[in-house]
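Have the model open beside you as you read.

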Amino acid sequence: MTAASTCAGMAAASFTVDGESVQSYNDEHFVQVRQRYGAAVEALASPQNFSFSMLRHGGGKGGDLLAFTADRQYIVKEVGGSDQDTLLRVTGPLVRHVCTAPGGSLIARFFMHFRRPRDGKDYVVMNNWLPPTGQQHWAEVYDLKGSADDKLMERNGERVQQVHKRCWHVHRYMKCCWSEERHEYYWGKKHAYDVPFHVTPQDREVIMQMIEQDARFMREQQLM
């Protein structure tokens, strides 16, 4: 993946992703994140590791497409609407926070933000917090976020199906009509509020410091 000439508008450089030339946004900032965390996003140039055809709906509220790279090191996610505008607005402060926050940050590390000319859509490349390191299986995986939806992501090695209540799914408002998947999803939402995480006192101090710093940053940037 090699940088090319400056592009029009917000796009600052050109890269190759899945064999296509794409235009990056604010790469003078995102290159700092790649250098800080040793991200080798050159691997995205290979269709064997990432292809746009791999993108699928992630199951979240936004409905944006996402895909893991074949090596499971990175996530490529579609960015649209107000999220695109917000990311362009906060790029500088976000990069400074992720790279310099004392003790580190739990905010996803965005390594690249780019537009695909072929479809006119925008995407981000971020880290996978749980890349494979062997044959381990997680008992439970939670999504740390500021909303009640989609808290419990995996349980006993199986992905929890995200079955939301929506106006076009009226039956999900009536518990008597809930499917088994809806019951499991609802249990996971409630369970996430009370489940204990066993860590050492020293680790707890570090984790709480990162959460407090991240929450303060998001408030300052009007993200929460």
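## The aromatic cluster

Phenylalanine 114 is buried, as is tyrosine 123; buried stands for under 20% relative accessible area, exposed for over 50%, and partly exposed for what lies in between (1.4 Å probe, protein chains only). Please keep in mind that this is a predicted model, in which local features need pLDDT of at least 70, side-chain atom pairs count only at pLDDT 80 or more, and totals for chains, interfaces and linings use all residues. Residues are numbered from 1 along each chain as its sequence is written, and side-chain values use heavy atoms, with hydrogens and water left out.

How many aromatic pairs does a search of the whole structure find? The search finds 6; rings of Phe, Tyr and Trp (its six-membered ring) pair if their centres lie within 6.5 Å, and planes under 30 degrees apart count as stacked, over 60 as edge-to-face and the rest as tilted. One of these is the tilted pair of phenylalanine 52 and tyrosine 123, with 5.5 Å from centre to centre and 55° between the planes. Phenylalanine 52 lies in the loop between α1 and β3 (56-57) and tyrosine 123 in strand β7, so this pair ties together parts that are 71 residues apart in sequence. Phenylalanine 52 counts as buried because its relative accessibility is 7%, and tyrosine 123 does so at 1%. The rings of phenylalanine 114 and tyrosine 123 are stacked, because their centres are 5.5 Å apart and their planes are at 25°. Ring pairs link Phe50, Phe52, Phe114 and Tyr123 into a cluster.

## The strands around β5

Tyrosine 123 also leads us to strand pairing: glutamate 78 stands opposite this tyrosine in β7. β5 and strand β7 (residues 121-127) pair in the antiparallel sense over 6 bridges; for two strands to pair, DSSP must find at least two bridges between them. Strands of a sheet pair through backbone hydrogen bonds, either parallel or antiparallel.

β5 also pairs with strand β4 (residues 65-68), again in the antiparallel sense, over 3 bridges. Here alanine 67 has valine 76 of β5 as its bridge partner. β4 and β5 form a hairpin with 5 residues between them, and arginine 72 in the turn has a positive phi of about 65°. Is strand β5 mostly covered or mostly open? β5 (residues 74-79) is mostly covered, with 5 of its 6 residues buried.

In helix α1 (residues 27-37), the residues Asp27, Phe30, Val33 and Arg34 are buried. They lie on the same side of α1, because they cover an arc of only 110° around the axis; the arc is that of the directions from the helix axis to the C-beta atoms. An α-helix has 3.6 residues a turn, so residues three or four places apart point the same way. After α1 comes glycine 38, with a positive phi near 65°.

The loop between α1 and β3 holds alanine 40, which is partly exposed at 40% relative accessibility. From the C-alpha atom of serine 51 to that of glycine 19, which is 32 residues apart along the chain, the separation is 8.6 Å.

## A three-stranded sheet

Another part of the chain forms an open sheet of 3 strands in the order β8-β9-β10, with antiparallel pairing. β8 (140-142) and β10 (158-159) are the edge strands, each pairing on one side only. β8 and strand β9 (residues 152-155) are joined by 3 bridges, and glutamate 140 has arginine 155 in β9 as its bridge partner.

## The whole chain

The chain has 4 helices and 10 strands; helices (H or I, at least four residues) and strands (E, at least two) are DSSP runs, numbered from the N terminus. Buried residues make up 38% of its 224 residues.
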